[in-house]
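Welcome to a short tour of a protein model and its fold. Take a moment with the sequence and the structure, then read on.

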Amino acid sequence: MASNERRLDNEHKMSYSANISSISRLRLETDGDGVRTLVCLNGCPLKCKMCPNKDLLEKGSPFWYTPESLLESLKIDDVYYRASYGGITFGGGEPALESEFIASFSRMCPKEWTVYIETSLNVDQDHIDVLAHVIDHWYIDIKDINDKIYHKYTGHSNSQVLSNLQRLIDRGLASKITVRIPHIPGYNTPEDVKKSEDFIRSLGLEDIDIFHYQEQHDSDPPLMGVPVFYENYPWWIRVLRTVTAILAVIGSGLICFTLISSTVGAIITASLVSIIVLFIVILLWDDIGGFIRGRSVNKVIDKLEDDEWNKKV
Ligand code: SF4
């Protein structure tokens, strides 16, 4: 549920600008409940060895938003958030560095939207205190509780992380926390991960997600929904994929035309066409998946809207 606390202070509407590296719409099951938009804020204090955003963190993004302009750009998905109990997830980079921006945004967005954050917690406690009032759920990438491992991987100590985590627990926010513990190839072992898990459980936290960094740090998360086809890919990949798909279709037509005159040719043709179709499906898999998921979401929302309408009539 959305925090009521963050709605109370509507007078606090100062404008801050934040450097935003990407906005991914209509995401399901990857960043929290319902249909969500992932807003990635640029900037991070850590230097993780396997960071997928190194270039972006160094160069910065050309896109700057105020809380007001971000809200305006996200309103397009208002009906999706309301129908699915979804909302906005702030990721990064390290979004907690922009605590005032997030707090300001959270206070002005509709109360039906939930606001989540994906953070390392390795920021000054002042940021945590600001965010504690406005965040509906925290995804905390703890990395490893062994400070030597943490330091080797990030270039920083984890003492601030552990103190901020305890701070959130002391504020009674344990039920709003999911702790993510990664296997980091070459840095921690399954035994280290188990030790981190045991420590987190000893703090009274139950919602723990253990995963493997190689899978989770794919810089191109899957697309979700029709309106954002190809949204996360650079233009040249989009062009390459489209041209390849067109060439595959033309190629299969030519092969059919050449071989169809004999029975053996027809069998060969059928096999080749199957392979080519399979190739096209694999090539466009994200987009087909996105299309299907997008249609499912639309169907659910259409039904909800119909139900609401029928109730009124
Ligand atoms: S916390 Fe995330 S954004 Fe920051 S350096 Fe590590 S992987 Fe990169």
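This is a predicted model: local features need pLDDT of at least 70, side-chain atom pairs count only at pLDDT 80 or more; totals for chains, interfaces and linings use all residues.

Which residue in β4 does T37 stand opposite? T37 stands opposite I88 in β4.

## The fold as a whole

The protein chain has 13 helices and eight strands. Of its 313 residues, 34% count as buried. Among contacts between residues at least 6 apart in sequence, 75% join residues at least 24 apart.

The eight strands make an open sheet with mixed pairing, and their order is β3-β1-β2-β4-β5-β6-β7-β8. At the edges sit β3 (64-65) and β8, each of which pairs on one side only.

## Around strand β4

Let's return to β4, which spans residues 87-91. This strand is mostly covered, with five of its five residues buried. To one partner, strand β2 (residues 35-41), β4 is joined by five bridges, and the two run parallel. To another partner, strand β5 (residues 114-119), β4 is joined by four bridges, again in a parallel arrangement. I88, the residue opposite T37, also stands opposite V115 in β5.

Helix α5 is largely enclosed by the rest of the structure, because eight of its ten residues are buried. Those buried residues are S99, F101, I102, A103, S104, F105, S106 and R107.

## The two ends of the sheet

At the β8 end, strand β7 (residues 177-183) and strand β8 (residues 208-212) pair in the parallel sense through five bridges. The chain gets from β7 to β8 by way of helix α9 (residues 190-202), in a right-handed β-α-β crossover. Within this pairing, V179 stands opposite I208 in β8.

At the β3 end, the pairing is antiparallel: strand β1 (residues 18-28) and β3 are linked by two bridges. Here N19 stands opposite W64 in β3.

## The ligand and its neighbours

Which residues surround the ligand? They are C44, L46, K47, C48, C51, N53, G92, G93, E94 and S120. Sorted by class, this shell has four nonpolar, four polar and two charged residues.

Two of the ligand's neighbours, G92 and G93, are joined by a cis peptide bond, with omega about 5°. G93 is found in the loop between β4 and α5. K54, for its part, belongs to helix α2 (residues 54-59). K54 counts as partly exposed because it has 14 C-beta neighbours inside 10 Å. From K54 to G43 the C-alpha to C-alpha distance is 9.9 Å, and the two are eleven residues apart in sequence.

## Backbone details to look for

Most peptide bonds are trans, and most residues other than glycine have a negative phi. L26 is not a glycine, yet its phi is positive at about 55°. This residue lies in strand β1, and it counts as buried because it has 22 C-beta neighbours inside 10 Å.

Is E29 buried or exposed? E29 is exposed, because 12 other C-beta atoms lie within 10 Å. E29 sits in the loop between β1 and β2, and its phi is also positive, near 65°.

Technical notes. Residues are numbered from 1 along each chain as its sequence is written. A residue is near a molecule or strand if its C-beta atom, placed from the backbone, lies within 6 Å of it. Ala, Val, Leu, Ile, Met, Phe, Trp, Tyr, Cys and Pro count as nonpolar, Asp, Glu, Lys and Arg as charged, and the others, Gly among them, as polar. Two strands pair if DSSP finds at least two bridges between them. A crossover is right-handed if, with the strands pointing away from the viewer, the path from the first strand over the helix to the second runs clockwise. A residue is buried if 20 or more other C-beta atoms lie within 10 Å of its own, exposed if 12 or fewer, and partly exposed in between; C-beta atoms are placed from the backbone. Two residues are in contact if their C-beta atoms, placed from the backbone, lie within 7 Å.
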